[in-house]
Amino acid sequence: MKHFDIIIVGGGFCGLIAAKQLAQKLADKSIALIEPRNEFEYTPGIIKLITNKNYAPNIALSYASVLKRTVIFHEHAKFLKQGKIITNKNSYSYKFALICSGASTPCSLKGKNVFVLKSLADAKKIAKALPNAKSVVIAGGGLVGVEVAGELCTKTDKKVTIVEPDTRLLSRNPESVSHKADRFLKHKGCIIVYGQRVVELNKGIVFTNLGTRIHADIVIWCAGIGVDTVLKGTSYVNERGCIIVDEHLRVKGLTNVFAGGDITNVAEEKTAQAAEAHAKIVIQNIIRTVLHKSLKKYTSHSKGLVISMGDWNGLFVQKQFCLSGFIPSLMKKMIEIWILRKMRA
Ligand SMILES: Cc1cc2nc3c(=O)[nH]c(=O)nc-3n(C[C@H](O)[C@H](O)[C@H](O)COP(=O)(O)OP(=O)(O)OC[C@H]3O[C@@H](n4cnc5c(N)ncnc54)[C@H](O)[C@@H]3O)c2cc1C
């Protein structure tokens, strides 16, 4: 069995940043990344891909090109047990482990016209189906649902309907933000059905739980969060499957195992920004453990959320403050360029 000083499971926002910085800061330690994909995908950018297939190279980075000193195994991690990580192909032992394999979007509808949007491959499937669709139903009016609606309503002539179970869009944000998104999308022709959820798609008709029928050539599922971790079925995960961490982002009850990003039970909005902040704390805490120093605590604080609705409109939200219009969409683009440049460096 191969042994590494540090093993990182999942090379998304949390994992890639941790792998890069740990390799720089702990030059004498062996580091491995277990990640099934060949490329890091900048998820906030994949929405652009549904209307522009050529956007993919802008938001994908090959792991081999950015992680020079890390050993990369393109495998699926399955379990973490008794100091070992077991994948679909091998077992590895570690001194420190970081679990950051993200979350999925569990979809209760089945059928070839139902799509989730979590990866570049998902976005490409939607882009392929879109030209043959006249009507699109988006299940869920959170961050992803609103951005998808904005993209479709500003760049295509599709009939777009959002079905949102809450009484407003972006419901974890202040009401003024919801109103701005609602007003903009309706102005662009989007229909929004509040207080209902999509329960069935049958012969081109979406049915909601209250019996509303909506024509839909395709459904894009943008609701909910599901977690499937190497610790599933153990007492280290909560009832939703999220890994239970302490204030240092250590898995509660396990020595030298940390978790970060969407997979954790930290009560905050699940964002790339939060995953990056987790990575920074875990990096420090691995180094501090090596040096026998006391560990840093993670405190959640948002630098603000940027939501795009097409190329020329968006929202920037910071606590109760909300800016709408062109500047947030420009900010979104600048953040994309800046983060990808940082990942490449
Ligand atoms: C369409 C979309 C748009 C978004 N837009 C924004 C936005 O504008 N701003 C924002 O802040 N956030 C946004 N988010 C949320 C953001 O992408 C996530 O919060 C962030 O990616 C979480 O980072 P992570 O490191 O926890 O996981 P991820 O970035 O999801 O990375 C997880 C990695 O683990 C790998 N993996 C999965 N299973 C295994 C396994 N068994 N073994 C090994 N590796 C595995 C995956 O291949 C992946 O590379 C968006 C999300 C989506 C889906």
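Student: Of the contacts between residues at least 6 apart in sequence, what share join residues at least 24 apart?
Tutor: That share is 62%. Keep in mind that this is a predicted model.

Student: Okay, and how many helices and strands are there in the protein?
Tutor: The protein has eight helices and 20 strands. Its radius of gyration is 21 Å, close to the 20 Å that the globule rule gives for 345 residues, so the protein is as compact as a globular protein of that length.

Student: What box do the C-alpha atoms fill?
Tutor: Along the principal axes, they fill a box of roughly 60 × 40 × 35 Å.

Student: And how many of the residues count as buried?
Tutor: Buried residues make up 43% of the 345.

Student: Switching topic: which domains does the assignment give?
Tutor: Domain 1 covers 2-104 + 225-303, and domain 2 covers 114-224. Their centres, taken over C-alpha atoms, are 30 Å apart.

Student: Now helix H1. Which of its residues are buried?
Tutor: The buried ones are Phe13, Cys14, Gly15, Leu16, Ile17, Ala18, Ala19, Lys20 and Leu22.

Student: What span should H1 have, and what do its ends show?
Tutor: H1 runs over residues 13-25, and at 1.5 Å a residue its 13 residues should span 18 Å. The end C-alpha atoms are 18 Å apart, which agrees.

Key: Residues are numbered from 1 along each chain as its sequence is written. This is a predicted model: local features need pLDDT of at least 70, side-chain atom pairs count only at pLDDT 80 or more; totals for chains, interfaces and linings use all residues. Helices (H or I, at least four residues) and strands (E, at least two) are DSSP runs, numbered from the N terminus. The expected span of a helix is 1.5 Å times one less than its number of residues. A residue is buried if 20 or more other C-beta atoms lie within 10 Å of its own, exposed if 12 or fewer, and partly exposed in between; C-beta atoms are placed from the backbone. The radius of gyration is taken over C-alpha atoms; the globule rule is 2.2 Å times the number of residues to the power 0.38. Two residues are in contact if their C-beta atoms, placed from the backbone, lie within 7 Å. Domain bounds come from an automatic or database domain assignment.
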